[in-house]
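Here are my notes on the model, as numbered points.

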Amino acid sequence: MTDRKDDSNRGWSRRNVLKAGAASAVIAGTGPMIFTRNSWAQDAIGNFPVKGDTVMFGFNVPQTGAYADEGADELRAYKLAVKHLNNGGGMLETLKPSSLTGQGVLGKKVGYVSGDTQTSPDAARTSARRMIERDKVIMYGGGSSSSVAIAQQYLAQEMGVIFMCGLTHSNDTTGKDKRRYGFRHFFNAYMSGKALGPVLADAYGTDRRAFHLTADYTWGHTQYQSIKEFTEKEGWTTVNNIMTPLGTSDYSQFLTAVLNSDADVLVLNHYGKDMVNSLTQAVQFGMKDMQKNGKDFQIVVPLYSRLMAQGAGASNIDGVFGSTNWNWTLEDAGSQAFVKSFEDEYGFPPSQAAQTCYVQTLLYANACERAGTFYPPEVIKALEDFRFTGAGPGEAYYRGADHQCFKDILVVQGKGPDQKQGEYDLLNIVQHVKRDDVIYPVDTFSGELGPYKPA
Amino acid sequence: MSGDLINALFLQILTGLQLGMIYAMIALGLTLIFGTLGVVNFAHGALYLIGAYCAVIIAGKLGFLYAVILVPLILFVIGIILERGLIQYFYDRPHTDQILVTFGLAIVAEEALKWIFGANNIPYPVPSWGQGIVMLHEYVPFLSGFVVFPKWRLILILVSLVVIGALFFLLQFTRFGLVIRSGMRDAEMVRFLGINITRRFAAVFGLGALIAGIAGVFGGPITQVSPAVGMKMLVPSFLVVVIGGMGSVAGALIAAVVLGMALSFTAEYSSIQQIIIYLVAVVVLLTRPRGLMGKKGVFE
């Protein structure tokens, strides 16, 4: 008897303590939910319910790496959006329908934390996790690399915290990798191809041979596919494609391959510094003054941005075609309200990356106000199939079935040194492509959004 | 052979040479420092980086020619300070300690430059006399049609060849070179002969840094000037040293050209291109464990 008693005492000392500890942790964790489930329709998801009188947003942008320029501009826009949400101004005056008051969101002041994605999915996930777990953000945003955006979208779904994508242009973001907790306002490679194909055929003819250099990750791959599809529809031939590692600084070996081919068009599926480097070096290799197959050699940059144009310089972008989500020279009321307040704050006009991040933050806040809660499933429903004006030209439509926003986009051409009027006047709008001309059926891409409540 | 094929081959060889030459200039310093001092200097990429940043600033403020003269001198001084102030205390320590301290130094340099100049790359314009393209078909008899190459990249190849030639001359035909070469073989014996080898070895560290400075001045416009470039250049350059044979100057040169050609000729096959330099390293080290021209007893 005595022995047995001693045994049980000894056994209790470790294993049982652990077991009991684990059991009580489970009870402590689930207990309150068991009692509240029937009395509260909105159970805790992610960082909901929001405690205190400040609601935190997280802004996770590339502050280093190939897309650092874009990231810096995104952060400026986010700060401006927070300022406007708390104090009014900017697009709050033009966005319709809007329930935003300019006095915070749902009676709470908006605060924010920022992080560096380093243009790397792993670093982005770590930074986002810190925002969610330590800083208790109710929503986070950011972008400038689709692989980074997609990684964060998956994390968003897992954690139950909405991710409002910043600049991400891969078809996968709202295609095969679409997530219920991720939303994209920016356009995608498919829309770029659809808009650009006919313009290129008009300008350069239908008998062209294209060589692609493509950034080797999800965005580059889908853009290559889309541009190939839409230029081949116009009669072009795709000679070759080389995948180049993200962050390549010397493109000479790839450009030599282009020179050695019989291609008469070079398509650069590069963005940010990659594009600045590859375009500058292509020009250094004489590709803008060259003739091939009896035609002038041409360079195309399907995804353009004013920041990149600035980085590459006016003489290099002169006459180069591309597409863009938005440009600061647009004259609709929403764009102008944003441009004016951005210029007042920072002294220069915003980029397309800045515009999409700013709009996304306002759209999220507006959805919370319209839903009357921060409860993620209700906010998601308020964003799905939302139609709005005053955030850029024309009416925009956030499609509920894939969380892709459809709106007017622009085909642009680089302005040469003699055409530009001022430091930031670098892109000439060749065509204003209407929303209905770039919209596509939802089943064009596979993928599932997933549940409203994270598993 | 058809004209097109000759053109293509010629351009690819030229590109390979250009790619290899930057690696060669960095690897020469690395291998020289290793051969003489026995130090694996992971901070050598950072010296290139500092060279490129100094070049951008000096070229922007005073003019490019000043950069050509001043940057190598500045780097030489930095090299001497580094060797006297830090590296000399690690000569007798294990290689792992040396690697850790120089790697740490590289990170400090990278972060410091990021802190001062930001994480974005700084535009480094090519001087006006180096801009534009050279119509190679007008000069090279066997080329037909239209074959061009950027002038700056040809200048880079030329400068690298001159630097490498000068280094060979220094090592083979001067008294200083003789001491260095004998010191590489048997430092103790040279010391017994009454030669102050320490002072000369400090100069070798400075010389390695100086070459990295020249590489920074001429390579900067091609590799870009951003804090990440140092590390990016270090790995292939280190491979060049290993493939060429630790401590062998001629081996480094051959290995640099081999890697440059490998990168150039696989450009169209991206899945292979991204691993080709490592593949070459594996093949070379399996067949010649000491590298192409490695000597017995070095780093063994």
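1. A salt bridge here is a side-chain nitrogen of Lys or Arg within 4 Å of a carboxyl oxygen of Asp or Glu. By that rule the structure holds 28 salt bridges over all chains. One of them joins A:Asp122 and A:Arg125, at 2.8 Å from N to O.

2. On conventions: this is a predicted model, in which local features need pLDDT of at least 70 and side-chain atom pairs count only at pLDDT 80 or more, while totals for chains, interfaces and linings use all residues. Residues are numbered from 1 along each chain as its sequence is written, chains are lettered from A and ligands numbered from 1 in the order in which they are written, and side-chain values use heavy atoms, with hydrogens and water left out.

3. Where do A:Asp122 and A:Arg125 sit relative to each other? They are three residues apart in helix 3 (residues 121-133) of chain A, so about one helical turn separates them. Helices (H or I, at least four residues) and strands (E, at least two) are DSSP runs, numbered from the N terminus. As for accessibility, buried means under 20% relative accessible area, exposed over 50%, and partly exposed in between (1.4 Å probe, protein chains only). A:Asp122 is exposed at 52%, and A:Arg125 is partly exposed at 33%.

4. A second pair in chain A is A:Glu232 with A:Lys228, a salt bridge of 3.7 Å from N to O. Both residues belong to helix 6 (residues 218-233) of chain A and are four residues apart, about one turn of the helix. A:Glu232 is partly exposed, with 34% relative accessibility, and A:Lys228 is partly exposed as well, with 24%.

5. A:Asp207, A:Arg208, A:Asp264 and A:Lys295 form a network of salt bridges.

6. Across the interface of chain B and chain A the rule finds one salt bridge. B:Arg153 pairs there with A:Asp250, the closest N and O atoms being 2.9 Å apart. The pair joins two chains because B:Arg153 lies in helix 6 of chain B and A:Asp250 in the loop between strand 7 (237-244) and helix 7 (252-260) of chain A. Both B:Arg153 and A:Asp250 are buried.

7. How many residues meet at the interface of chain B and chain A? Contact (heavy atoms within 4.5 Å) links 29 residues of chain B with 27 residues of chain A. The two chains bury about 2200 Å² between them, 52% of it on carbon and sulfur atoms; buried area is the accessible area (1.4 Å probe) that two parts lose on being put together, summed over both. In chain B, the most area is lost to chain A by B:Asn120, B:Arg153 and B:Glu268, together 20% of what that side buries.

8. Helix 7 (residues 175-192) of chain B spans only 17 Å between its end C-alpha atoms, whereas a straight helix of 18 residues would span 26 Å at 1.5 Å a residue; the expected span is 1.5 Å times one less than the number of residues. Helix 7 of chain B bends by about 125° at B:Asp186, the bend being the angle between axes fitted to the seven residues ending there and the seven starting there.

9. Which residues of helix 7 of chain B are buried? They are B:Gly177, B:Val179, B:Ile180, B:Gly183 and B:Val190. These buried residues pack against helix 1 (3-37), helix 6 (151-173) and helix 8 (197-223) of chain B. After helix 7 of chain B comes B:Gly194, with a positive phi near 90°.
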